Amino acid sequence: QDSIIENQKQSVVNFSPTFKFTYTPKNNITFDFDYYGATEQPTLKQISSDTIIIDALNRTYGNLDLKPSFDNTFSMYFQKSNYEKGSFFMITGGGNYIFNKIVDYTTIDEFGNVESSYRNVTGNWGLNGGIMFNTPLRNKKFTIDNSSFGYFVRNIGYSNSVKSITYNLTMS
């Protein structure tokens, strides 16, 4: 008819490994290490060369050069329990690193026209850690509990076509 049909084709190989290791030297002590990789493909909208006009000032178009993103995530746990005493101790840690993360790329010109597209960035990562502890007091009627966690995340994006890096720290 009177429209052009795009023949979108992207050929990639995705490999998402998973690894789990558990070590239990005693009945009440456990050490775990987990790793997994995950991929995310660009959507058809993100790779389409069609221009989507939202209104007179806003338009969006895809990026044919987008690659799938790959997230590497690991976590570690150490747990120790004392069943007789009724106490528990756990320390955790982990993180992730993302290759080719798909992010929004927006440009606003001096007239307020907004053009939006997508880009790949490498270097988004995060770290986390925590500690949990509880133990009863001598009479076992009262217990002391502690749960402390922290997260630190680095995100790369774009703000008006300028690369922007943000850092977030969360503690609880």
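Is asparagine 100 buried, partly exposed or exposed? Asparagine 100 is partly exposed, with a relative accessible area of 23%. The model is predicted. The protein chain holds 1 helix and 11 strands. Its radius of gyration is 24 Å, well over the 16 Å that the globule rule gives for 172 residues, so the chain is more spread out than a compact globule.

**Overall fold and dimensions**

- Along the sequence, the elements of the protein chain follow the pattern β-β-α-β-β-β-β-β-β-β-β-β.
- Taken along the principal axes, the C-alpha atoms of the protein chain fill a box of roughly 80 × 40 × 25 Å.
- Of the contacts between residues at least 6 apart in sequence, 54% join residues at least 24 apart.

**Surface and charge**

- Buried residues account for 25% of the 172 residues in the protein chain.
- The protein chain has an accessible surface of about 12000 Å², and 55% of that surface belongs to carbon and sulfur atoms.
- There are 15 positive and 15 negative side chains in the protein chain.
- The centres of the positive and negative sets lie 19 Å apart.

**Aromatic pairs**

- The whole structure contains 7 aromatic pairs.
- One of them joins phenylalanine 33 and phenylalanine 74, whose ring centres are 6.5 Å apart and whose planes are at 25 degrees, so the pair is stacked.
- This pair links distant parts of the chain, with phenylalanine 33 in strand β2 (residues 29–40) and phenylalanine 74 in strand β5, 41 residues apart.
- Phenylalanine 33 is partly exposed at a relative accessible area of 24%, and phenylalanine 74 is partly exposed at 32%.
- Phenylalanine 78 and phenylalanine 89 form an edge-to-face pair, with 6.4 Å from centre to centre and 65 degrees between the planes.
- That pair also links distant parts of the chain: phenylalanine 78 belongs to strand β5 and phenylalanine 89 to strand β6 (residues 87–99), 11 residues apart.
- Phenylalanine 78 has a relative accessibility of 28% and counts as partly exposed; phenylalanine 89, at 27%, counts as partly exposed too.
- Phe19, Phe33 and Phe74 make up one aromatic cluster.

**Buried strand residues**

- Serine 75 lies in strand β5 (residues 69–82).
- With a relative accessibility of 16%, serine 75 falls under the 20% limit and therefore counts as buried.
- Not counting residues up to four places away in sequence, serine 75 touches Asp32, Phe33, Asp34, Gly93 and Gly94.
- Phe33, one of these contacts of serine 75, is the residue that stacks with phenylalanine 74.
- Threonine 135 sits in strand β9 (residues 124–136).
- Threonine 135 has a relative accessible area of 12%, so it is buried by the cut-off of under 20%.
- Beyond residues up to four places away in sequence, threonine 135 touches Lys85, Ser87, Phe142, Thr143 and Ile144.

**Arginine 59**

- Arginine 59 is part of strand β4 (residues 58–61).
- At 36% relative accessibility, arginine 59 counts as partly exposed.
- Leaving aside neighbours within four places in sequence, arginine 59 is in contact with Thr51, Ile52, Ile53, Ile54, Val114, Glu115 and Ser116.
- From C-alpha to C-alpha, arginine 59 and threonine 30 are 54 Å apart in space, while in sequence they are 29 residues apart.

**Asparagines with positive phi**

- Asparagine 100 has a phi near 60 degrees, which is a positive value in a residue other than glycine.
- Asparagine 100 is in the loop between β6 and β7 (101–108).
- Asparagine 160, likewise a residue other than glycine, has a positive phi near 50 degrees.
- Asparagine 160 is placed in the loop between β10 (143–159) and β11 (162–171).
- Asparagine 160 counts as partly exposed, at 38% relative accessibility.

Definitions and conventions
Residues numbered from 1 in each chain as written. Predicted model: local features only at pLDDT ≥ 70, side-chain atom pairs only at ≥ 80, totals over all residues. Heavy atoms only, no water. Helix = DSSP H or I, 4+ residues; strand = E, 2+ residues; numbered from the N terminus. Buried < 20%, exposed > 50% of the residue type's maximum accessible area, 1.4 Å probe, protein only. Contact = heavy atoms within 4.5 Å. Rg over C-alpha atoms; globule rule 2.2 N^0.38 Å. Areas by Shrake-Rupley, 256 points an atom, 1.4 Å probe, with all protein chains shown as cover. Lys, Arg positive; Asp, Glu negative; His and termini not counted. Charge placed at Lys NZ, Arg CZ, Asp CG, Glu CD. Phe/Tyr/Trp six-rings, centres within 6.5 Å; stacked < 30°, edge-to-face > 60°.
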